[in-house]
Amino acid sequence: MKARFFLGLMLASTLAACGINSVPTAEENAKAKWANVQADYQRRADLVPNLVETVKGYAKQEKDVLTQVTEARAKATSVQVTAEDLDDPAKVQQFQQAQTALSGSLGRLLATVEAYPDLKSNANFLALQSQLEGTENRINVSIKDYNEAVQQYNTTIRTFPDIIGAKIVHGAKPMVPYQAQAGSDQAPKVNFGG
């Protein structure tokens, strides 16, 4: 009888400890991946003013497009989602929408460049175009990494035995993955080779 009691007690304490470390570890990993997403979007936002200024010198009649890009950048940088907001679908969606709007306006800006052969061969523009292309690739990788981390975290907090610690100790809630917005499958074209 005593052996069963101690075996039961050991089993209960083992199960109760589940999730104590794995839940916060998975959560911190997802938060770190989110920080990478934000850093890559910030890098893109930092490139926009230089790109706008370079194009402005050549394409004065494209004032509306330049204004749209500047306004979209301002909105994209004003929408902030902290690591604590990652379980709020509305906040994550607002961030995604602002970034999608900036992507769309950048795409329109870069499409107008086709009409300006001198701009397409300008060294500053070519350097900015290359940086933007690299940044878009970084954003895609960061989003993929973030979504994988969120999947890992959400799976951890929903599966036995980690669910015990997730609910009782941490009060864990599922995080929101980054999802493509309608029309976001049309990425900005940044390759202007001949």
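Mentor: Helices (H or I, at least four residues) and strands (E, at least two) are DSSP runs, numbered from the N terminus. By that rule, Ile168 sits in helix α7, residues 162-170. Keep in mind that this is a predicted model, where local features need pLDDT of at least 70, side-chain atom pairs count only at pLDDT 80 or more, and totals for chains, interfaces and linings use all residues. Residues are numbered from 1 along each chain as its sequence is written, and side-chain values use heavy atoms, with hydrogens and water left out.

Trainee: How many helices and strands does the chain have?
Mentor: Seven helices and zero strands, so the pattern along the sequence reads α-α-α-α-α-α-α.

Trainee: Why is Ile168 called exposed?
Mentor: Buried means under 20% relative accessible area, exposed over 50%, and partly exposed in between (1.4 Å probe, protein chains only). Ile168 has 67% relative accessibility, so it counts as exposed.

Trainee: And why is Asn137 called partly exposed?
Mentor: Its relative accessible area is 47%, so Asn137 falls in the in-between class.

Trainee: How much of the chain counts as buried?
Mentor: 38% of its 194 residues.

Trainee: Which residues make the nonpolar surface patch?
Mentor: Ile20, Ile168 and Val169, with about 280 Å² between them. Patch residues have over 30% relative accessible area and no salt bridge; like charges are joined within 9 Å, nonpolar side chains (Val, Leu, Ile, Met, Phe, Trp, Tyr) within 5 Å. A salt bridge is a side-chain nitrogen of Lys or Arg within 4 Å of a carboxyl oxygen of Asp or Glu. The areas come from the Shrake-Rupley method with a 1.4 Å probe, and for residues only the protein chains shown count as cover.

Trainee: Where is Pro161?
Mentor: Pro161 is in the loop between α6 (123-158) and α7. A cis peptide bond joins Phe160 to Pro161, with omega about 5°.

Trainee: What share of the contacts joins residues at least 24 apart?
Mentor: Contact means heavy atoms within 4.5 Å. Among contacts between residues at least 6 apart in sequence, the share is 80%.
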